[in-house]
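The sequence and the coordinates come next, and the text then goes through them part by part.

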Amino acid sequence: MTAEHPDDQACAAALVDLLGMTPVRLAKLLDGFRPTMAWSAVRAGTHPGDPGRRFAAAARSSDPVAVARRYADAGVAVLLPDRSGYPAALVGDPGAPAVLCSSGDPSVLEARPAVAVVGTRSATPYGAKVASDLGRELAAAGVVVVSGLARGIDAAAHAGALSAGNGATPPVAVVGTGLDVPYPKENRVLWDRVATTGAVLSEAALGTVARPGVFPARNRIIAALSDVVVVVESHRGGGSLYTAEAAARRSIPVCAVPGSVYSRASTGTNELLVDGCSPVRDADDVLAAVSLVRQGRGMPQASPARTPGRPRAPGPATPADRVQRSVWEAVDDTPTTVETVLLRTDLSLAALTTAGGELVELGLLTAGAGWWARA
Amino acid sequence: MIASISSAVILGVDGRPVSVEVHVSNGLPGLTMVGLPDAAVRESRDRVRAALVSSGLPWPRRRITVNLAPSGMRKAGAGLDVAIAMGILVASGVLTPEAVAGLAFVGELGLDGSLRGVPGTMVLADALVDHRLVVADPSLREARLAGGSCVSAPSLAAVVARCTGRRPWSDPPGTEDPDDGVLGAGEEHPGADLSDVLGQPVARRALEVAASGGHHLLLVGPPGAGKTLLATRLAGLLPDLDPQTARDVTRIHSAAGEPRPGTGLVVRPPFRSPHHGVSAMALIGGGSAAMRPGEIGLAHGGALFLDELGEFPAAVLDALRQPLEDGVVRVSRARGSITYPARFLLVAAMNPCPCGDGGIPGSCRCSPAARSRYARRLSGPLLDRFDIAVRVDRPTTRDLIARQPGEGSAAVAARVLTARRRAAERGVAVNAELPAATLDQAAPLDDGARDLLVRHLRSGRLTARGLHRVRRLARTVADLDGAGATVAVPHVAEALFLRGSRALVLGEDVR
């Protein structure tokens, strides 16, 4: 027995930290038990939620006070449903996590409306641009942008929200890995910025690495935290459709961004539209949906100060000549292979690649491996 | 009595002279063979005995010892049969040593005493140019490619009759057929014409530039896009081999015992497409006792096509890197080491990712992990060897149905030949071989082109190493366009596009 008497928070941290602990098992252990009671019952091997005494040995060799100190040192707060700090939107939710780890300050969720902006990891330039624009404009309008910090749409939405500047509402992320394991690695910087301005939440213990299953599970938290879920791009059967489904089960409105019918990355979202989800063209469409849900409680006060996007068609000064214009006309918003453009324009490959390169340098096209898309 | 007869065996792509020494003495009748013979050589004792008897010649009922000198080198193949038979005849006194003076023998014996040709006759003849070489009738034309004095005979009895002067040496009919052997070696797709390729202007252009400048080519695209169809059309675009290369190619194919359409010089560039199950030894060579050349040697002067590049074992692919750089293969084994030329155009095809649809954002179904695992099979240095990497997409239905057949191989081959002539004026066979130091002189850039390259270098889209490759590629593009000495912006822009990027293989995410 330790000299210090561990409190609820320390015991909850110790429970989360047990080897082999999953959110489902944890919910069973804390169902009807205070964390201190659950902890001593697990140690004693008498917990009815742990009939196989799976955790008894591990619990006996663990010191809740030390675990709690480790979490505090890592800047991670352990939130419990009946304590302050735990997001109110999750209280009473059927799938609410029994314990939630947080780095950063999630209290912004209590004051502002929240919108989930989610989508595929293999986003097209179009999808990434829409997600980034939505993130920026929603954050500027006083909305908390909630997403999962994954590659593609998630990252673009978070980056957009952060780019809205100092006066804007900070974003919140819900991740599947431990809070000290940024995943994917290339989003580490973004991850840190979200944690410092807003909050990064996870129901996993520190050190939990990415593994199949944790990401669909965290999608239910994203949905439960949000007033509206916007799916920007998703394949048919893509992971972000879990979020949409979880939202639908909680009667949270799901919106979708329409995409090209030829783009595979938009098959899922276009199907959502067919199923009756409202389409999203810009942040105003989302804000309208939010105001319907919130009906006056905590709506953004003023009409948002919209940052104007780039004009759709190039101005009269650009493109420089007829060849450039014909190339620009032949490129779609979605990635278009150079071969397709070649067939459309009837130029020689040398003339086409010259004009294409100039358009890329003018910022009118984005280039990839063998394809172009309108910027 | 002792006799010594000249012959030769193959090691790698070279003939090695072998002296067959036969000693006949009193003792228990029998034949002992020494001097590291392999199984086929050892078995020749039974063939020689049967051949002598069926030719009506005496088999000495005495002790026969055959030594193959130099005795430290392994001897492979059946080409020593005739030399052993002649040695026995001289040693047992049937023939005088003068009858075989200055002669060398290469050929396999049938049990009925007939002479058969052996693979690698040209190479063997090369090693015996200072002799008058006696070969089987079907091999005479090939033996004469070496340039030495050669005669032939249909059977062992005829050889004996001609050596003793009872009959004159005479050529079999049909030896001077001029059409024999002008076909290409290993031309696996005769009649494969570029007009079979519908649409796909980018891939066609890439093929033409690759053939003109000798730039290694990587085709990346989904299954069914026609990558294999395109690659197999490459052989038809390459010009005929120059005389020296034709000799080298013929030697290699002869030494490897590869079937050739004729017995003459190979003048069309070979096209080799080993399956991805190929072993490193089969690719590089040196597997057997004769250290047979591998697929890359057989592709010398022509093209090596690796279909499904991602399926080849990484170790096999990395074995390609040294020959790609040096143009020769050095194979060292416990038995010895051989060197042979391997200057070829490498063409490879692969899917962008396991599902095959990757490359364009939003179209791939693979997880990022699966994609990077797939890409990791190809080492960066190998990918770097490909000057051209282009995406090949499935032709549209409209292309397949409505379009007229594309331009034929003959028209493209004519442009390729013109471009290669311009490279030859610079002193290299193809632009890909231009030394970096001569680029400023051979491929000077105009101001716009220089600016474009500088911008690409500054932004990190182009590495210093890639710069030389792009300049060579731009030189080829300019040659094809009939441009003058200076390389202009459109040529560089096209070269930058054709060079493609690592992202074609690695897939990409938009973040």
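What percentage of the 511 residues in chain B do buried residues make up? Buried residues account for 51% of chain B. This figure, like the others in this report, is computed from a predicted model.

**The two chains**

Chain B contains 22 helices and 16 strands. Of its contacts between residues at least 6 apart in sequence, 75% link residues at least 24 apart. Chain A has 375 residues, and 54% of them count as buried. Chain A contains 16 helices and 12 strands. For contacts in chain A between residues at least 6 apart in sequence, the share that joins residues at least 24 apart is 73%.

**Confidence in chain A**

The mean pLDDT of chain A is 86, with 92% of its residues at 70 or more. In chain A, confidence is lowest in helix α13(A), residues 283-294, where the mean is 84, and highest in β5(A), at 95. Residues 301-317 of chain A have a pLDDT below 50, and this stretch makes 13 contacts in the model beyond near neighbours in sequence. Where pLDDT is low, predicted coordinates should not be read in detail.

**Where the chains touch**

How many residues does the contact take from chain A and from chain B? The contact takes 31 residues from chain A and 31 residues from chain B. On the side of chain A that touches chain B, the elements giving two or more residues are α7 (125-140), α8 (153-163), α15 (338-345) and α16 (349-362) of chain A. Of these, α16(A) gives the most, with 6 residues. Sorted by class, this side of chain A has 15 nonpolar, 11 polar and 5 charged residues.

**The largest nonpolar core**

In soluble globular proteins, nonpolar side chains tend to be buried together. The largest nonpolar core here has 278 residues, and the members that touch the most others are Val115(A), Val230(A) and Val286(A). Helix α3(B), residues 81-91, gives the most to this core, with 9 residues. Val230(A) shows what such contacts look like in chain A. Apart from its neighbours within four places in sequence, Val230(A) is in contact with Val115(A), Ala116(A), Val117(A), Leu134(A), Cys255(A), Val257(A), Val280(A) and Val286(A).

**A parallel sheet in chain B**

Five strands of chain B form an open sheet with parallel pairing, in the order β11-β12-β15-β10-β16. Its edge strands are β11 (271-272) and β16 of chain B, each of which pairs on one side only. Strand β10(B), residues 217-220, is joined to β16(B) by 4 bridges, and the two run parallel. Along this pair, Leu217(B) stands opposite Ile388(B), and Val220(B) has Arg391(B) as its bridge partner.

Helix α7(B), residues 201-213, lies across β10, β15 (345-350) and β16 of chain B and runs at about 165° to β16(B).

**Backbone exceptions**

Most residues other than glycine have a negative phi, and most peptide bonds are trans.

| Site | Backbone feature | Value |
|---|---|---|
| Tyr183(A) to Pro184(A) | cis peptide bond | omega near -10° |
| Ala69(B) to Pro70(B) | cis peptide bond | omega near 0° |
| Leu149(A) | positive phi | phi near 55° |
| Ser251(A) | positive phi | phi about 55° |

Pro184(A) is in the loop between β5 (172-174) and α9 (188-197) of chain A. Pro70(B) is in the loop between β4 (63-69) and α3 of chain B. Leu149(A) is in the loop between β4 (144-147) and α8 of chain A. The loop that holds Ser251(A) is between α11 (240-249) and β8 (254-256) of chain A.

Why does Leu149(A) count as buried? Leu149(A) counts as buried because it has 25 C-beta neighbours inside 10 Å, and the cut-off for a buried residue is 20 or more. Ser251(A) counts as exposed because it has 7 C-beta neighbours inside 10 Å, and the cut-off for an exposed residue is 12 or fewer.

Methods: Residues are numbered from 1 along each chain as its sequence is written. Chains are lettered from A and ligands numbered from 1 in the order in which they are written. This is a predicted model: local features need pLDDT of at least 70, side-chain atom pairs count only at pLDDT 80 or more; totals for chains, interfaces and linings use all residues. Two residues are in contact if their C-beta atoms, placed from the backbone, lie within 7 Å. Ala, Val, Leu, Ile, Met, Phe, Trp, Tyr, Cys and Pro count as nonpolar, Asp, Glu, Lys and Arg as charged, and the others, Gly among them, as polar. A nonpolar core is a set of buried Ala, Val, Leu, Ile, Met, Phe, Trp, Tyr and Cys residues joined through C-beta atoms within 7 Å. pLDDT is the predictor's confidence in each residue, from 0 to 100. Two strands pair if DSSP finds at least two bridges between them. Axes are lines fitted to C-alpha atoms, for helices over the stretch in contact, and angles run from 0 to 180 degrees between N-to-C directions.
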